[in-house]
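Please describe selected local features of the structure shown here, giving the cut-offs behind each term.

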Amino acid sequence: MYIDSHCHLDFAELRTLLPDVLAAMQQAQVGGALCISTTMETFPAVLELAQQHPQLWATVGVHPDNEGVHEPTVAELLAGAQQPRVVGIGETGLDYYRLGERSVADMAWQRERFRVHIRAARRCGLPLVIHTRAAADDTLAILKEEGGFVPGADPTPELPPARGVFHCFTESAELAQAVLELGFYISFSGIITFRNAAELRQVVSLVPLERCLIETDSPYLAPTPHRGKLNTPAYVPHVAQQLAATKGLSLSQVAQATTANFLRLFSAVSLPLELT
């Protein structure tokens, strides 16, 4: 059995096809999928998916790329985290890839939003789902500061350190090593199947299997051989297949390990009875 650790089934491309998407998951032996919140405005729709379908779970948070949306407070994130079937905080993080005419200094609002998510995650004890693109140094620095990893500088030392996953990882081996040292997991998407992703597959080979998750980030980033088409959680076995090939493991080893890793990290997840 596989679990897709990151998808967006509330997006219009997939929401309208939901019965077919769920049927395809079952046929592909994908036993569950984590539906990721990207705005507070659309969080109710994400939550509804998780509460209506036993094989789906939800997070609460605001994606770093989303501007002009409601800015969440710690209290609002904590309220969302208390909802049944919410198992994580995010997706959150930093993204400096599309600065346009702005500078990194102009992205202070994004850094403050990231800090709010980390504070909420530590208070409720749920794992963070972190997005970082072209912002590795700041992402790591803020995570260390707010996450309880800097002795003597932690504003809430009574709370356990932050934990979570860096999703759709496309960054360097150096960042991967730093993430692992903080105890975080790393999730790989269909990008690792792309022909031009040799450098990323080198990173995959360095990440211990017991710290790997797999995801689709659907409806985007469909893996080979479906690249360019609509992505769905049913395609996550292709990611597992590439992970297995890169590491010289069997597909069943990767399926079993990544599912166990997901359940260990998102410990609030309860599997449907038929999957236990």
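E171 is buried (under 20% relative accessible area, with exposed being over 50% and partly exposed in between, for a 1.4 Å probe and protein chains only), yet E171 has no salt bridge, and the nearest side chain of opposite charge, R133, is 6.7 Å away. A salt bridge here requires a side-chain nitrogen of Lys or Arg within 4 Å of a carboxyl oxygen of Asp or Glu, while for charge Lys and Arg count as positive and Asp and Glu as negative, His and the chain ends not being counted. The model is predicted, with local features needing pLDDT of at least 70 and side-chain atom pairs counting only at pLDDT 80 or more, whereas totals for chains, interfaces and linings use all residues. Residues are numbered from 1 along each chain as its sequence is written, and side-chain values use heavy atoms, with hydrogens and water left out.

E171 lies in the loop between β6 and α7, where helices (H or I, at least four residues) and strands (E, at least two) are DSSP runs numbered from the N terminus. Not counting residues up to four places away in sequence, E171 is in contact (heavy atoms within 4.5 Å) with T132, R133, A134, A136, L200 and V203.

Strand β7 (residues 185-188) is covered on both faces, with Y185 and S187 buried on one side and I186 and F188 buried on the other. In a regular strand the side chains alternate between the two faces of the sheet.

| Strand paired with β7 | Sense | Bridges | A residue pair |
|---|---|---|---|
| β6 (residues 164-166) | parallel | two | V165 opposite Y185 |
| β8 (residues 212-214) | parallel | three | L213 with S187 |

Helix α7 (residues 173-181) forms a right-handed β-α-β unit with β6 and β7, and helix α8 (residues 198-206) forms a right-handed β-α-β unit with β7 and β8; right-handed means that, with the strands pointing away from the viewer, the path from the first strand over the helix to the second runs clockwise.

Among the elements covering the buried residues of α9 are β7, α8 and β8. Those buried residues are V236, P237, V239, A240, Q242, L243, A244 and K247, and just after α9, G248 takes a positive phi of about 70°.

Conventions. Two strands pair if DSSP finds at least two bridges between them.
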